[in-house]
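Subject: Structure handover

Dear colleague,

Here is the structure for your files. Please open it alongside this message; the notes on what was found follow below.

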Amino acid sequence: MAKDEIKQEDLLNIDHSPSLFKKGWMNTPVDIRPSMHCYACEPARLKVVDFPNPRVWSVMDEDWKLPKDWKETVMDAFKDRLDRFRTFKLFMDICVRCGACADKCQFFIGSADPKNMPVLRAELIRSVYRRNFTAAGKLFGKLAGARDLDYGVLKEWWYYLYQCSECRRCSVFCPYGIDMADITIIGREMTNLLGLNIDWIAAPVAFCYKTGNHLGIQPHAYKSMLEFFQDEIEEVTGVRVEPSFNRKGAEVLFITPSGDVFADPGTWTCMGYMILFHQLGIDITWSTYASEGGNFGLFTSHDMMKRLNGKMYMEAKRLGVKWILGGECGHMWRVVNQYMGTMNLDLAEGSNLENPVSPMTGTKFENANSTKMVHITEFTADLIKHGKLKLDPSRNDHRKVTFHDSCNPARAMGLLEEPRYVIKNVCNHFYEMPPSTIREQTFCCGGGSGLNAGEDVELRMRGGLPRANAVKYVHEKYGVNMLANVCAIDRAVFPGLMEYWVPEVDVTGVHELVANAMVLDGEKEKTVDLRNEPLPGMEDAEDV
Amino acid sequence: MNIIISLTVSFLAVFGLVVIAFVGVWGAHLEWLFGVVIPYLAVITFFIGIVYRVVQWAKCPVPFRIPSTCAQQKSLPWIKYGYAEKLDNPVNTFWVVCRMILEVLCFRSLFRNTRLEFGSGQEIKYKSAKWLWLGAIAFHYTFLIVLLRHLRFFTEPMPFFVKIIENVDGFFQMFLPTVYQSGFILGAAVTYLLLRRILDGKMRYISLPADYFPLFMILGLVTTGVLMRYVLKADIVSIKELTLGLVSFKPVVPEGISVIFYIHLFLVSVFFAYFPFSKLTHMAGVFLSPTRNLSNNTRIVRHINPWNNPVKFHTYQAYEDEFREKMKDAGLPVDKE
């Protein structure tokens with residue numbers, strides 16, 4: 001189904017309060033609807049990374065072609081994870097169903113499907129836990145909120161586990177910090193043992209494993225894509241930037257999501273990085289092997305996340321760099337902040353990595369002393385603070401900007417002020433969305449955790465509604481026409497979402513705004529920005 | 001679970017408990033069973049159960065440090081990282097402890113609660129909603145006060161703080177016997193929590209018998225307690241003889257204690273025994289929640305995962321072997337010519 005076939009009135013005609021006479025959720029079998037889920041994974045993807053049960057299957061089919069002993073597999077996996085993750089065990093035990101999380105999930109707000117209330121999504125799994133691992137559940141069954149795992153329940157798990165974007169918004173409001181994202185991660189880990197994944201996740205994982213990035217861009221192609229950007233940049237600024245690749249002995253390794261080299265508007269952000277590095281003259285290299293900042297492994301299993309993430313340290317060691325600079329990406333920074341050091345710091349043993357220091361300002365990034373990896377907005381904010389960039393924010397005067405906090409940098413890191421500081425220094429017009437929709441209370445774009453496919457467009461338009469609604473608010477109040485963010489998935493998802501709900505608003509990465517405001521050494525008289533749109537006051541210039 | 005069944009089952013369960021105690025004491029004269037044996041068993045079950053639960057959780061490793069960060073991280077020195085940030089995004093143990101204190105004593109996360117208002121035509125609002133927080137605070141704190149007040153039955157002489165609590169709690173000395181506000185606020189708070197579950201469509205849909213049962217149970221406790229104190233005027237002297245006998249392990253069952261006391265005591269016993277095996281364990285569990293009790297310092301100090309699984313990586317060498325010719329043609333450096 002295409003976006004324009006879905007009517008807004010239909011999406012908005014929903015009721016969040018289940019009626020008194022509605023059957024209980026345990027007696028309501030899952031109704032798998034097209035456009036609310038992603039396509040099944042293709043077998044070739046699973047084979048690349050040795051995942052179980054590769055076969056052709058389809059979500060809408062009755063038979064999902066599971067292995068014969070699937071129930072045993074799930075139960076063993078369940079038990080194993082209860083023993084290995086305190087979060088999982090605790091979150092199965094202590095929920096009191098107070099309902100504080102119920103109306104906090106963007107997928108529930110947008111769909112009103114009660115099983116998308118985080119509490120109930122977790123109960124889908126908890127009910128099976130009670131039946132199999134608690135005395136009350138074994139004795140009293142349904143009365144104790146317990147039920148057996150059967151084919152229908154498994155399908156229900158799958159359907160709703162892939163309608164959760166692991167954004168952690170519910171965990172902020174939960175009085176015990178129960179984190180649905182963690183339950184989803186482990187739930188998806190279990191479905192993956194049966195070969196139940198979606199292609200939009202399985203394909204990037206397979207690509208990333210072999211070629212180094214989610215999009216499967218091979219080394220020569222990666223280089224030529226950046227060369228294309230060199231030409232574009234030269235056309236706009238008159239300056240020829242010279243990125244280097246896989247260069248041993250560089251001081252810094254730069255890793256960014258491959259979405260940035262692939263499609264607009266991410267490409268302009270990518271050009272922004274290139275312009276920044278060139279102007280600074282920093283000794284930095286790109287890598288075609290560690291050419292992915294994001295980590296779709298996180299959306300399949302902890303082990304797969306570790307396998308994909310390893311490239312960052314292995315490449316840093318091989319090239320002999322002193323530290324790593326990371327681009328604008330959402331879940332990448334959850335992995336880098338909360339998992340990377342724990343999982344893979346062993347790989348950096350014997351490398352030249354040292355505590356990161358900005359070569360331009362001498363600032364020590366002490367908050368990255370263990371992982372040796374710095375976020376680019378931390379880096380750029382420091383440059384601006386020390387006056388190392390010549391900026392003309394009026395070049396962004398045609399942009400009225402608001403900032404969307406991406407779920408993971410906000411709630412799994414706390415990167416809130418750095419991007420705001422950067423934006424406020426490169427733009428004259430910045431407006432915040434309402435407080436209950438930003439910072440730690442930010443909403444998901446609707447396509448996080450691998451749900452940014454084309455076929456689940458209704459799910460994305462529904463899940464993205466709360467964010468779109470907040471953007472619409474600042475658009476109407478302040479005339480905001482640009483939605484800035486620090487996430488490649490945002491940049492992939494938002495253009496479609498904005499087009500649907502708030503068509504007057506465009507989408508940008510933060511470093512596109514930075515590059516547009518930068519006054520470069522040897523630049524020609526600029527008339528257009530990186531998008532080839534006229535700069536303010538240059539609308540009538542000749543070469544537009 | 002259907003609301004009617006849930007309510008009926010859990011109400012009948014509590015009602016059944018009342019009947020059991022009534023018949024047991026009034027009909028069968030099993031005062032020793034209900035006054036001594038069951039309370040002992042219940043308290044033993046409570047302590048063993050809670051310790052078992054906590055040990056089970058504590059034995060489980062914390063492979064990753066995944067605190068929910070609810071404020072700005074500690075970053076560049078000039079980026080504001082004040083008290084509010086330290087509390088909601090702590091970087092060391094001291095501030096984690098502070099965060100936990102705020103969470104456990106003040107229900108900090110619940111205080112953030114908002115309520116969705118979904119109008120037609122893309123009008124979505126999030127209104128402040130402190131009622132749940134207020135209800136929860138009122139409920140838990142009055143429960144605590146009532147519990148502490150009961151120490152007067154288990155101590156001789158009474159500790160000084162029990163007297164202070166009684167004085168404060170009975171501040172409005174308008175009636176005889178002194179009316180303790182806590183019991184009534186507790187009753188009101190439980191009623192609010194119950195009505196909320198029944199009247200709000202979302203709450204009704206997610207609620208299980210396991211949610212109604214403890215609420216009915218506590219309502220039963222409050223009701224029997226209030227009846228005993230203000231209406232039926234149970235024989236306090238004899239009751240204290242019994243309760244003191246229990247704590248000094250020289251149990252006695254004095255004559256003439258009214259059956260309402262045994263009903264109250266039986267409900268308390270069942271409540272204690274039920275506690276460790278139900279959602280009520282959130283009282284202990286909240287302390288162990290890894291999204292709240294860990295600092296966000298994983299970029300500064302490595303967190304160790306005790307079972308860090310060995311995995312297969314795709315090495316650079318394997319990558320270069322696959323793409324070497326293409327890389328050379330594109331002018332990319334290679335390790336092996």
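In this predicted model, strand S5 of chain A runs parallel to strand S6 (residues 482–485) of chain A, and 4 bridges join the two. One of the residue pairings can be named: A:Phe403 has A:Ala484 in S6(A) as its bridge partner.

S5(A) and S6(A) belong to an open sheet of 3 strands in chain A, with the order S5-S6-S7 and parallel pairing. Strand S5 (401–404) and strand S7 (506–509) of chain A are at the edges; each has a single partner strand, so one side of each has no neighbour in the sheet. On average, neighbouring strands of this sheet are turned by 35° against each other, direction ignored. As background, the strands of a sheet pair through backbone hydrogen bonds, in either a parallel or an antiparallel way.

A helix also belongs in this picture. Helix H22 of chain A (residues 488–501) lies across S5, S6 and S7 of chain A, and its direction is at about 170° to S7(A).

Last, the contact between the chains. Here 96 residues of chain A are in contact with 86 residues of chain B. Several elements of chain B each supply at least two residues to the side that touches chain A: strands S1 (114–118) and S2 (124–128), together with helices H5 (108–111), H9 (201–206), H10 (209–231), H13 (282–285) and H14 (316–329). Which of them gives the most to the side of chain B that touches chain A? That is H14(B), with 6 residues. By class, this side of chain B consists of 44 nonpolar, 28 polar and 14 charged residues.

Regards

Technical notes: Residues are numbered from 1 along each chain as its sequence is written. Chains are lettered from A and ligands numbered from 1 in the order in which they are written. This is a predicted model: local features need pLDDT of at least 70, side-chain atom pairs count only at pLDDT 80 or more; totals for chains, interfaces and linings use all residues. Two residues are in contact if their C-beta atoms, placed from the backbone, lie within 7 Å. Ala, Val, Leu, Ile, Met, Phe, Trp, Tyr, Cys and Pro count as nonpolar, Asp, Glu, Lys and Arg as charged, and the others, Gly among them, as polar. Two strands pair if DSSP finds at least two bridges between them. Axes are lines fitted to C-alpha atoms, for helices over the stretch in contact, and angles run from 0 to 180 degrees between N-to-C directions.
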